[in-house]
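Hi,

Here is the structure I said I would pass on. Have a look at it first, and then read on for my notes on what turned up.

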Amino acid sequence: MAAAFGRLAAARCLLLNQAVLIPRYLRLAAWPSALVFDYGYPRPLVFSTVAVPFIALTAAVTLTLALFLRRPRLGLVPFWFFVTLSPSSSLVPIVTEVGAERRMYLPLLALMLACVLAVAAMCRRRRGETGGGRWPRTIAALALAVTTASLVMVTRARTAEYASDIRLWETVVDRWPSGRAHANLAEALYRQDRRDEAVAHLREAVRELPDAHYDLGAQLLVRHDYAGAASELQAFLQARPGHVKEVPARDLLGQALMLSGRLAEAAGEFRTITRTDPTYAVAFGRLGDVLMAQERFADAVSPLQAYAALTNTPNAWRNLGIALARADHPADAAQAFSREVALAPADGDARRNLANALVDAQAWTEAERHAREAVRLKPQDPVVHDLLGLTLAGQGRVEEAREHFVEALRLNPGDQDARTHLQKTVRGPRTN
């Protein structure tokens, strides 16, 4: 029952819109100026606003039918017009566009035929009154030339409007503004890096096009307006549940919330994504980042494990290793950092992370190997020299350890860790 009422409401809306559009089609058929590329979606109209054109259109249809039944030869032309126009204007609702000038291609034949018959009748009457002659032909030729030249100029002007996407959509916004026209113009402007103008048109688009909330939210996020972005994306999700862009919209919303410091809400959005689409890897990574920012290291491990398994990137394994180390799982952290090193063996930071985890796990020999490689890759980094000193001290090789503590202090005299290690002549695993 609800579906039936919905279809009836859609049909009523379509008919009310056609009461405005069909007279426009007729005017454009008489003189094709101010053409519109896209009329947008059907608009919610009330009968009182279109009563006059609707009644006039209904009367025209009624008179056409009566004329066709009584005098088919006279009624054929208007009958052809309404019959060929009706499928796309009333009988078959097209929800993606309320109107289109191409719908007049077939109905236009009826108008052209009417014009030809009218001109032919006038010429016959004129010939009968004057007995023929060259004068009527001269007038007819002159009228044809003027009409043709005028139409050529109109065609050239219309063709120029297709020179760019921006120009085309500007004509639509000027002549028949709609939410979709503003949204498409915003997209064209954005491609030309005219972002302020794009945002202005998106703000107009959201008045009648719920999908535009998504694009506006994305634009505001880029402009660091996190509160505005969150508001627009929430409006999109509320207006368009189950939309194909629901998951990326929640991702953007989560980012806006996270960047504005609303970490708990951000975590909720990312969790929703992981349940909705378990293959959307980035949501697991972002959820892990939020939990890390909340210092919930143990809780961050699971989503970061999923993210690393789905993406298998050095950064994913690094983040997982950091979470495991902060959650006091040094052996597991070392395994994660080992995967990072396997994917990026020439990354000095990866080697340093692994060596540090191995120190925490008291795997001194293996830690030394990776610390030495880190020193080779980053010889000017005081941290890796300090780390190598710790691995050597842990094995009782104090003199060698001192050399690297001294080097760390030479590179960074303010390195308090290296100074403390040197002063205490560290023996065994690092305790600070």
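Asp349, Arg352, Lys378 and Asp381 are tied together in a network of salt bridges. Bear in mind as you read that this is a predicted model. Aspartate 381, one of the four, sits in the loop between α18 (364-377) and α19 (382-394). Its relative accessibility is 11%, so aspartate 381 counts as buried. The side chain of aspartate 381 also reaches the backbone nitrogen of valine 383, at 3.0 Å. Setting aside neighbours within four places in sequence, aspartate 381 is in contact with Arg352 and Leu411.

On to the other salt bridges: the count comes to 30.

- Glutamate 407 and arginine 410 form a salt bridge, with the closest N and O atoms 2.7 Å apart. Both are in helix α20 (residues 398-411), and because they are 3 residues apart there, about one helical turn separates them. Glutamate 407 is partly exposed, with a relative accessible area of 22%, while arginine 410 counts as exposed at 54%.
- Arginine 191 and aspartate 165 meet through their side chains at 2.7 Å, N to O. This pair links distant parts of the chain, 26 residues apart: arginine 191 belongs to helix α7 (residues 179-191) and aspartate 165 to helix α6 (residues 165-175). Arginine 191 is partly exposed at 48% relative accessible area, and aspartate 165 is partly exposed at 43%.
- Arginine 102 pairs with glutamate 97, the closest N and O atoms being 2.5 Å apart. Here arginine 102 is partly exposed at 48% relative accessibility, whereas glutamate 97 is buried at 14%.

Glutamine 255 lies in helix α11 (residues 246-259). Buried or exposed, would you say, for glutamine 255? With a relative accessible area of 16%, it falls under the 20% cut-off, so glutamine 255 is buried. Not counting residues up to four places away in sequence, glutamine 255 touches Leu221, Phe270 and Arg286.

Isoleucine 322 is in helix α15 (residues 314-326). At 28% relative accessibility, isoleucine 322 counts as partly exposed. Beyond residues up to four places away in sequence, isoleucine 322 touches Met292 and Phe337.

Cheers

Terms used: Residues numbered from 1 in each chain as written. Predicted model: local features only at pLDDT ≥ 70, side-chain atom pairs only at ≥ 80, totals over all residues. Heavy atoms only, no water. Helix = DSSP H or I, 4+ residues; strand = E, 2+ residues; numbered from the N terminus. Buried < 20%, exposed > 50% of the residue type's maximum accessible area, 1.4 Å probe, protein only. Contact = heavy atoms within 4.5 Å. Polar contact = N/O pair within 3.5 Å; in protein donor to acceptor, adjacent residues only side chain to side chain. Salt bridge = Lys/Arg side-chain N within 4 Å of Asp/Glu carboxyl O.
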